[in-house]
Amino acid sequence: MAVIDEQTAPGCAYRARGCVVNEETSCRMVEFAIIELEDGLTLVELQRSQSPDDAAASRGGILIDPGPYSSFEEASDALDDLQYEDEEVRGEETRA
């Protein structure tokens, strides 16, 4: 699958927000959630009709933020914010 722009996906209802064309050349919106795995927080792309909980479970992780985020950039920003907040909390615990 490839992320495409509006010129290559005429008729896609989600083309302004980013969409994916599959083998049948149909269009679907790409969405992301934030999960925690053994090695830390990460982003996961939600598959068609997959819930954020199911996406986390299928990867052996725990759902942290279901989003859904409509772009990788938006999800990455949210992940960065969560990691920054976690670092601040750890810093406060160390000082106490």
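1. Relative accessible area sets the classes used in this note: a residue is buried under 20%, exposed over 50% and partly exposed in between (1.4 Å probe, protein chains only). At 24% relative accessibility, Leu82 therefore counts as partly exposed. The structure is a predicted model, in which local features need pLDDT of at least 70 and side-chain atom pairs count only at pLDDT 80 or more, while totals for chains, interfaces and linings use all residues. Residues are numbered from 1 along each chain as its sequence is written, and side-chain values use heavy atoms, with hydrogens and water left out.

2. The sheet. Helices (H or I, at least four residues) and strands (E, at least two) are DSSP runs numbered from the N terminus, and two strands pair if DSSP finds at least two bridges between them. An open sheet is formed by three strands in the order S5-S4-S6, with antiparallel pairing. Strand S5 (40-46) and strand S6 (62-69) are the edge strands; each has a single partner strand, so one side of each lacks a neighbour in the sheet. On average, and with direction ignored, neighbouring strands of this sheet are turned by 25° against each other; the axes behind this angle are lines fitted to C-alpha atoms, for helices over the stretch in contact, and angles run from 0 to 180 degrees between N-to-C directions.

3. Strand pairing. Strand S4 (residues 31-37) pairs with S5 in the antiparallel sense over seven bridges, and a hairpin of two residues joins S4 to S5. Within this pairing, Ala33 has Val44 as its bridge partner in S5, and Ile34 stands opposite Leu43. The antiparallel pairing of S4 with S6 runs over four bridges; there, the bridge partner of Ile34 in S6 is Asp65.

4. Nonpolar cores. A nonpolar core is a set of buried Ala, Val, Leu, Ile, Met, Phe, Trp, Tyr and Cys residues joined through side-chain atoms within 4.5 Å. The largest has eight residues: Val30, Phe32, Ile34, Leu43, Tyr69, Ala75, Ala78 and Leu79. S4 and H2 each supply at least two residues of this core, and the largest share, three residues, comes from H2. Apart from it lies another core, of six residues, among them Ala33, Ile35, Val44 and Leu46.

5. The aromatic pair. Rings of Phe, Tyr and Trp (its six-membered ring) pair if their centres lie within 6.5 Å; planes under 30 degrees apart count as stacked, over 60 as edge-to-face and the rest as tilted. The count by this rule is one aromatic pair. The ring centres of Phe32 and Phe72 are 5.7 Å apart and the planes stand at 75°, so the pair is edge-to-face. Phe32 belongs to strand S4 and Phe72 to helix H2 (residues 72-95), so the pair ties together parts that are 40 residues apart in sequence. Phe32 counts as buried at 9% relative accessibility, whereas Phe72, at 51%, counts as exposed.

6. Contact means heavy atoms within 4.5 Å. Leu82 is found in helix H2 and, leaving aside neighbours within four places in sequence, is in contact with Ile34, Leu41, Ile64 and Asp65. Asp65 lies in strand S6 and touches Ala33, Ile34 and Leu82, not counting residues up to four places away in sequence. The side chains of Asp65 and Tyr69 are joined by a polar contact of 2.4 Å. Such a contact is a pair of N or O atoms within 3.5 Å; within protein, one must be able to donate a hydrogen and the other to accept it, and residues adjacent in sequence count only if both atoms are side-chain atoms. With residues up to four places away again not counted, Tyr69 touches Val30, Glu31, Phe32, Ile34, Glu74, Ala75 and Ala78.

7. Backbone points for review. Most residues other than glycine have a negative phi, and most peptide bonds are trans. Gly67 and Pro68 are joined by a cis peptide bond with omega about -10°, and Pro68 is found in strand S6. Ser49 has phi near 60°, a positive value in a residue other than glycine. Ser49 is placed in the loop between S5 and helix H1 (52-58) and is exposed, with a relative accessible area of 79%.
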